[in-house]
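Please keep the sequence and the structure in view while reading.

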Amino acid sequence: MSENLSYVSFASLAIAVSAVGVSLMRFRKDRVKAHADQVAALATLVRHIDNDRAVEARGIIRADKTLNSLDGRELDDATMAGIDEGTQEAARYIATTYDRLGFILRHDEQLEKEVLGWNGDVISDMWRVTGELIKKKWRSRNPHYAKEFERLAKKAAEMGW
C-alpha cells in the first residue's frame, strides 16, 4: 500500500513539474510576443512621425522667422497675419501628427517613455514654435485641438528636453 502511495506521489509530483514547465514556456513565449509587438508598434510610430511630409513640415516651421521669434510671447493678430499659408499648413500637419502620437502613447506608458527619450527634443521644440499658433487659431474653434501634443511636449520638457 505504501508503495502505491509513493507511485501516486511521484506521479503527482511529475504532473506538477510538467505543469510548471509548460507555464514557464508559455510565459516566455508571451514575453517574446509582447516585445515583438512593442518593436512593431515603435516601427509604426517612427514611420508616422519621420515620413517625408513630417520632415518637410518641421523644416518649414523651423525656417519661419515669425514663429521662431515668439519665444513664449503670446501671438497677436498682426503677427499671426504675417504667417504664410504654407507655414500654417505645416503647423497644422505637425499638430495633428503629434496629437495622434500622443493619443496612441497615452495608453502605453513604457512606450511613451521610450519615444520621448528618443524624440522628446523634437516634440518639445515643435510645441515651443507652434504652440501659440495652435492655441490662438485652432483652439478658438475646438478647445481640445492638439491637447495630446501639448501633453507630450510638457512630458518631454519634464524629462529635460
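The structure is a predicted model. The protein has 7 helices and 0 strands, and its elements, taken from the N terminus on, run α-α-α-α-α-α-α. Of its 161 residues, 32% count as buried.

- Helix α6 covers residues 109-138, and its end C-alpha atoms are only 28 Å apart.
- A straight helix of 30 residues would span 44 Å, at 1.5 Å a residue.
- Helix α6 also has a bend of about 75°, located at N119.

**Packing of α5 with α6**

- In general, a pair of packed helices is described by the angle between their axes and by the distance between those axes.
- Helix α5, residues 85-105, packs with α6 at an angle of about 140°, and the axes of the two are 9 Å apart.
- This angle makes α5 oblique to α6, since only angles over 145 degrees count as roughly antiparallel.
- The crossing in which α5 passes α6 is left-handed.
- Sorted by class, the contact of α5 with α6 contains 14 nonpolar, 3 polar and 4 charged residues.

**Packing of α6 with α7**

- Helix α7 consists of residues 147-158, and its axis comes within 7 Å of the axis of α6.
- The two axes cross at roughly 120°, which makes α6 oblique to α7.
- In passing α7, helix α6 forms a left-handed crossing.

**Packing of α2 with α6**

- The axes of α2 and α6 are 10 Å apart, and the helices pack at an angle of about 50°.
- Helices α2 and α6 are therefore oblique to each other, because the angle lies between the 35 degrees below which helices count as roughly parallel and the 65 degrees at which roughly perpendicular begins.
- Helix α2 passes α6 in a left-handed crossing.

**Buried residues within helices**

- A54 belongs to helix α2, which comprises residues 52-63.
- The relative accessibility of A54 is 1%, so A54 counts as buried; the cut-off for a buried residue is under 20%.
- Although A54 and T97 are separated by 43 residues in sequence, their C-alpha atoms are 8.0 Å apart in space.
- L111 is placed in helix α6.
- With 5% relative accessibility, L111 counts as buried.
- L111 and Q38 are 73 residues apart in sequence, while the distance in space from C-alpha to C-alpha is 7.5 Å.

**A loop residue with a positive phi**

- Where is A146 found? A146 lies in the loop between α6 and α7.
- Most residues other than glycine have a negative phi.
- The phi of A146 is near 60°, a positive value in a residue other than glycine.
- A146 is buried, and its relative accessible area is 2%.

Definitions and conventions:
Residues are numbered from 1 along each chain as its sequence is written. This is a predicted model: local features need pLDDT of at least 70, side-chain atom pairs count only at pLDDT 80 or more; totals for chains, interfaces and linings use all residues. Side-chain values use heavy atoms; hydrogens and water are left out. Helices (H or I, at least four residues) and strands (E, at least two) are DSSP runs, numbered from the N terminus. The expected span of a helix is 1.5 Å times one less than its number of residues. The bend at a residue is the angle between axes fitted to the seven residues ending there and the seven starting there. Axes are lines fitted to C-alpha atoms, for helices over the stretch in contact, and angles run from 0 to 180 degrees between N-to-C directions. Angles under 35 degrees count as roughly parallel, over 145 as roughly antiparallel, 65 to 115 as roughly perpendicular and the rest as oblique. A crossing is left-handed if the near helix is turned anticlockwise from the far one by less than a right angle, and right-handed if clockwise. Ala, Val, Leu, Ile, Met, Phe, Trp, Tyr, Cys and Pro count as nonpolar, Asp, Glu, Lys and Arg as charged, and the others, Gly among them, as polar. Buried means under 20% relative accessible area, exposed over 50%, partly exposed in between (1.4 Å probe, protein chains only).
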